[in-house]
Amino acid sequence: MSRVHPISAIVINESGVLARIAGMFARRGFNIDSLAVGETQDPKYSRMTILVRGDNRVLEQVVKQLNRMVDVIEVNDLAQSPHVERELALIKVQAPAAGRGEIIELVDIFRAKIVDVAAKQLVIEISGNSDKVDAMIDMLKPYGIAELARTGRIILARGSGASVAPAAAVDAVAA
Amino acid sequence: MNTDLKTKPHKGTTPKRSGAEAAIEALKAEGVELLFGVTGGAIMPMYDALFRDGTLRHIIVGHEQGGAHMAEGYARVTGEPGVILTTSGPGATNLVTGLADAIMDSTPLVAITGQVATSLIGNDAFQEADVRGITMPVTKHNYLIQRADELPRIFAEGFHIARTGRPGPVLIDLPKDVSNTQTAAPRPERVQLEGYDPPYQGHPHQIQRALQALQQAHKPVILAGGGVLHAEACGELREFAEALNLPVVSTLMGLGNFPTDHALSLGMPGMHGTGYAILSLYHCDVMICVGTRLDDRITGKLDEFAPWAKLIHIDIDASEIGKNVPALVPVVGHAKPVLQELIGGIKRWESKPDWSAWHKQLAAWRKEHPLGYEQKADTIMPQMVVQEVDALLDDDDIISTGVGQHQMWTAQYYTFRKPRTWLTSGGLGTMGYGFPAAIGAKLAKPHQRVVCIDGDGSFLMTIQELATAVRYRVPVVVAVLNNLYLGMVRQWQELFYERRYAETGLTPPPYDKVAQAFGALGRRVERPEQVRPALQWALQQAEASQLPVVLDILVDAQECVYPMVPAGQANFKFIAGPKGGKR
């Protein structure tokens, strides 16, 4: 059954690594819903959060193909453990003075924020799980969305679960 | 640099030397004795350092693709990475086919490419190409060295990655200014890479499950691939097969991993495999796959490849397990220790399973579907040439091919008895591979005879390497099976395109005369009775004159390779061919 799998990969934080991984996804025909990259607590590593669409066999291949890459330190299928996920969006919405009250009310309901105010437009910041972000966008559509930027999802395992940077390097020579 | 470097430096201080000198030092430390390459602007500092050092042998090649295939031939007969050196831009892009070939067939290579100076990178400088970007999909790993201080570590990592785990090509892009910069960075004593830790031992639980499945089997078969050769596990494979009387099918890349004239050998599977190999895989109830990726040319239509088989899949690359065919028992590990564990396991069995009914069935299929072809009067049959070469060569001698009909006939009719004697482009299917690969192999193994059975289309694609073989007096024999066609495509046109022979007819030059013009020896062979004397002459003359010899052998133009499984069809519905029994 095809669905979206959240995968977290700890990779070496170095130029070219993103291209290498993105290229692998493209070349092997894996479908990505979103991909977010940023430094971890240790600047030697980046965390990639990848939402992959496919059945279990595709997921298995994605994990294996990531694991065989030299720049990839660790791969976790986050669906296997409880996790928190967030996405952030900035939405520039048409808001002439007359209709502004309704929009501000929506912003309150969604616990979003207005981060910029101009004569005819507002910029709204919202974060949460992707469903919430989708819902906010849907609610704002009737007013006219001028511009939209989304970060893609980032995810961490809850508690002391997976998705931490590895403690020690493994001796490759011993293998 | 924020990656690195658990990598431990040598004790004591390292004197300063240029990046290029540090690279030569690294090559020597890795045991490299022979390099293939072509110089050029951006790689000149490396060549200057090579010249001043004076201890490494370098072969100037006609074209970088040819050089890459030579390095592959060298690697496959020695098991050590082949090394190729080129300049930036076109020198490096010409390598792409060779790298793609090497990654498909898991051949260890280290390619060192010159790059424009770091200050020019990204500016579309003269002979600049994004070689790291271009070669990412066709290398196991690649590097662009940014600073000379990284060079010793990157060279050590590159060789380590190329030769360990599932072998493959590594490319190191070396900017000119990095080559010229002084560095005191020491060569690391050992390599430690956080993200690279190839497996070795198989999981004991999975090995137990494999043994269980095997014990319950009634119709087992081993499918052994090129991984067995890379793992140097042919002795273990044979011991395992003989201990239980297990039939062995060897893939195209695996030929030589088990003697094809052994009573338990069923030959090659797949599109042009033997009928009995195909049927054994189709009907088996347990299939033990070792070091094979079960590609489409082996499986044919996936659903009907081995519908009743419990698959035990042993591979060092976890991603190959379950990629094409689901495995019941996945064993991620190096073929050698895993086979040793399996041998140890069966030795503890109280009794051995009785598979005599299965062997009776296999014998019946052998009888029903023998490999065979029809002789035609006054015409040289290509299969006959392969059989003659087979009769004249010793077990240790080396055979290579290009890609196409001649390759399949060689795979079918040559007797493979020893590992590391077979050079062919299996995964990428690179026409032009055979001749340069033969040169690389002969340079590595001067005391073994090397014959390239080539096609008239394939030979032309890297024919410039005749100059290389003559210059360095590399006595390889090339037997061109010349049918004046791109024969494999012609065969498909005959069988599946209603004989519309679109652009497959060739008018190759007289290859014997081309060889002579290059300074090699050549002879044209037109009649069946000339074949054996010509081959004897070629083998003798090559060694006597220390020159390559080309036989331009005119063979039957209409002959097709059988058996054949039409692409995408179920294997067991193979076309048997005129002599292969009826289906």
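Which residue is the bridge partner of Q115(B) in strand 8 of chain B? The legends below, which describe a predicted model, take up this pairing in the opening view and then turn to other parts of the two chains.

**View 1. Strand 6 and strand 8 of chain B pair in the parallel sense.** The bridge partner of Q115(B) in strand 8 of chain B is P175(B). Strand 6 covers residues 109-115 of chain B and strand 8 covers residues 169-175 of chain B, and the two are joined over seven bridges. In general, the strands of a sheet pair through backbone hydrogen bonds, in either a parallel or an antiparallel manner.

**View 2. An open sheet of six strands in chain B has parallel pairing.** The strand order across this sheet is 4-3-5-6-8-7. Strand 4 (57-60) and strand 7 (141-144) of chain B stand at the edges and have a single partner strand each, so one side of each is left without a neighbour in the sheet. Direction ignored, neighbouring strands of the sheet are turned against each other by 20° on average. Helix 3 (residues 64-78) of chain B lies across strand 3 (34-37), strand 4, strand 5 (82-86) and strand 6 of chain B, and this helix runs at about 165° to strand 5 of chain B.

**View 3. Domain 1 and domain 3 of chain B are in contact.** The domain assignment divides chain B into domain 1 (8-190), domain 2 (204-368) and domain 3 (382-561). Between domain 1 and domain 3 of chain B, the C-alpha centres lie 31 Å apart, and the contact takes 24 residues from domain 1 and 25 residues from domain 3. On the side of domain 1 of chain B that touches domain 3 of chain B, the elements giving two or more residues are strand 4, helix 3 and helix 5 (96-104) of chain B. Helix 3 of chain B gives the most to this side, with eleven residues. By class, the residues on this side of domain 1 of chain B divide into ten nonpolar, ten polar and four charged.

**View 4. Helix 11 of chain B passes helix 14 of chain B in a left-handed crossing.** The axes of helix 11 (residues 234-244) and helix 14 (residues 335-347) of chain B come within 9 Å and cross at roughly 25°. Because angles under 35 degrees count as roughly parallel, helix 11 of chain B is described as roughly parallel to helix 14 of chain B. From helix 11 of chain B, E236(B), L237(B), E239(B), F240(B), A243(B) and L244(B) meet K336(B), L339(B), Q340(B), L342(B), I343(B) and I346(B) in helix 14 of chain B. The residues of this contact divide into eight nonpolar, one polar and three charged.

**View 5. Chain A is in contact with chain B.** In this contact, 28 residues of chain A meet 26 residues of chain B. Helix 1 (17-27), helix 2 (56-67) and strand 4 (72-77) of chain A are the elements that give two or more residues to the side of chain A that touches chain B. The largest share of this side, five residues, comes from helix 2 of chain A. The residues on this side of chain A divide into 13 nonpolar, six polar and nine charged.

How values were computed
Residues numbered from 1 in each chain as written. Chains lettered and ligands numbered in written order. Predicted model: local features only at pLDDT ≥ 70, side-chain atom pairs only at ≥ 80, totals over all residues. Axes fitted to C-alpha atoms, helices over the stretch in contact; angles between N-to-C directions. Helix = DSSP H or I, 4+ residues; strand = E, 2+ residues; numbered from the N terminus. Parallel < 35°, antiparallel > 145°, perpendicular 65-115°, else oblique. Left-handed = near helix turned anticlockwise from the far one by under 90°. Contact = placed C-beta atoms within 7 Å. Nonpolar A, V, L, I, M, F, W, Y, C, P; charged D, E, K, R; others polar. Pairing = 2+ DSSP bridges. Domains from an automatic or database assignment.
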